[in-house]
Amino acid sequence: MPTTNRPSRPRPALRRARLATVTSAALLSLAAATLPAQAAAPAPTSTASATASPRLDRKALRASLDAFHEAGMYGAYSSVRDGSQQWRGAAGVADIGTGRPVRADFEHRIGSITKTFTSVAVLQQVAAGRIDLDDPVGDYLPELVPGERGRKVTVRMLLNHTSGIADYIVPAFPKILTDPGQALEEGRFRTADPEELVRLGLAAEPTAPRGTHAYANTNYIIAGLLLKKVTGQDPEAYITKNVIRKAGLRHTYFPRSARISGPHSKMYESFYGTIEPARDFSVYDMSWAGTAGAMVSTTDDLNDFYRRLLGGKLLGAAELREMKTTVPAYEPEPGQEVALRYGLGLYTIKMPSGGWYWGHDGGVFGAGTWALSTEDGRRQAAIGYNLMKYERFDESGEPLPNPIGQALVTHMDVAVSGGAPTNRRPAASPVPDRLLAPERLRR
């Protein structure tokens, strides 16, 4: 893949300073101030989002997936479904050492797509009357979230990331801003306690005031502990029984060890060029992500899940309506519309071709995933890929042109819209540059 040409290797102290600047900017890519949560409203709909072409252009799908690999992605696998029609494809390698090819049926770490599953589980408890979305979280977990936060942060604020609670990622991996490779290696087989993760998040400096969207894994670790409190069950066991099995998914699960049980790719982490060569982190204890991002799935399973969710098979109409009530995910430039809005573990995004789609993305060390669906649940697309933080930055921390991210967006746009690939650059998209690579480090 393309790398930045450097005339000479910077002195260690200068390199550490630049690394901290770049990784800090990437870690906080969604931390800019956004509109207040009081502005929440159902996300906009459009004809394009509800009436996507029923045609699967297999040639265009194949070409756009190949282009993603040719742009520098090691390996990717994708599945697209429209009504009863289905297309699957794979491009590239699962192991850069042996050349083993990727397969369309691979299991894959799906990162923050786990949040959609966790949110469904919480909303099931809302339907059962055990949780109220607008109750303070301190009513349920007074010792975990005490004081003013416990009184003013509601369950809804956890699920749409307007709680004002910071992420725990940096304090949980304390060397991640200075020596990412060492930080990730030290955490490979470390078991994390969810209560401790919450304490780290609560102690960290918030990136936005309460009422403003600021993505934080801490919110969904708290949501998992809330499930535990009201159901009396381990939250991962509850989600498995009441969401995964209810959706009929056969290859979706919370891993029981650091290893993925089914056929899978190696998963390579570059961390913006600071881990060179990119290192395989497919073997990893995912307790650091828990109910915020630990799950494994396949692209076929993800398409099944979002079809059933948006088709009203997993939640009642009232709960699905709450899930699709959104807040802006960022503050747009003057005169521009917000093209990414976040609901309760589910977002809606306007793609470059103009259509609005529902779904989520996920990224963990070495593995990225993106799943989108039309609002009517007819058409879905999901992709998994095995090289992360491939973006590069200049000396001031500004992003450099990113052909891999551009090719990823193009493939997903083709997949959900049914259109042909275009040469439109991400900068021409209605979605800001910082949001176009959905595997942005925020999980």
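1. The accessible surface of the protein (Shrake-Rupley method, 1.4 Å probe) comes to about 17,100 Å², and carbon and sulfur atoms hold 51% of that area. Do keep in mind that this is a predicted model, where local features need pLDDT of at least 70, side-chain atom pairs count only at pLDDT 80 or more, and totals for chains, interfaces and linings use all residues. Residues are numbered from 1 along each chain as its sequence is written, and side-chain values use heavy atoms, with hydrogens and water left out.

2. The protein has 443 residues, and 60% of them count as buried (under 20% relative accessible area, 1.4 Å probe, protein chains only). Among contacts (heavy atoms within 4.5 Å) with a separation of 6 or more, 72% join residues 24 or more positions apart.

3. There are 16 helices and 14 strands (DSSP runs: H or I of at least four residues for helices, E of at least two for strands, numbered from the N terminus).

4. On the H4 side, the residues in contact include Ala121 and Val122, and on the H10 side they include Ala223 and Leu227.

5. Helix H13 (residues 299-310) reaches 17 Å from its first C-alpha to its last, close to the expected 16 Å (1.5 Å times one less than its number of residues). Ten of its twelve residues are buried, including Asp300, Asp301 and Asp304. Just after H13, Gly312 has a positive phi of about 80 degrees.

Terms used:
Buried means under 20% relative accessible area, exposed over 50%, partly exposed in between (1.4 Å probe, protein chains only).
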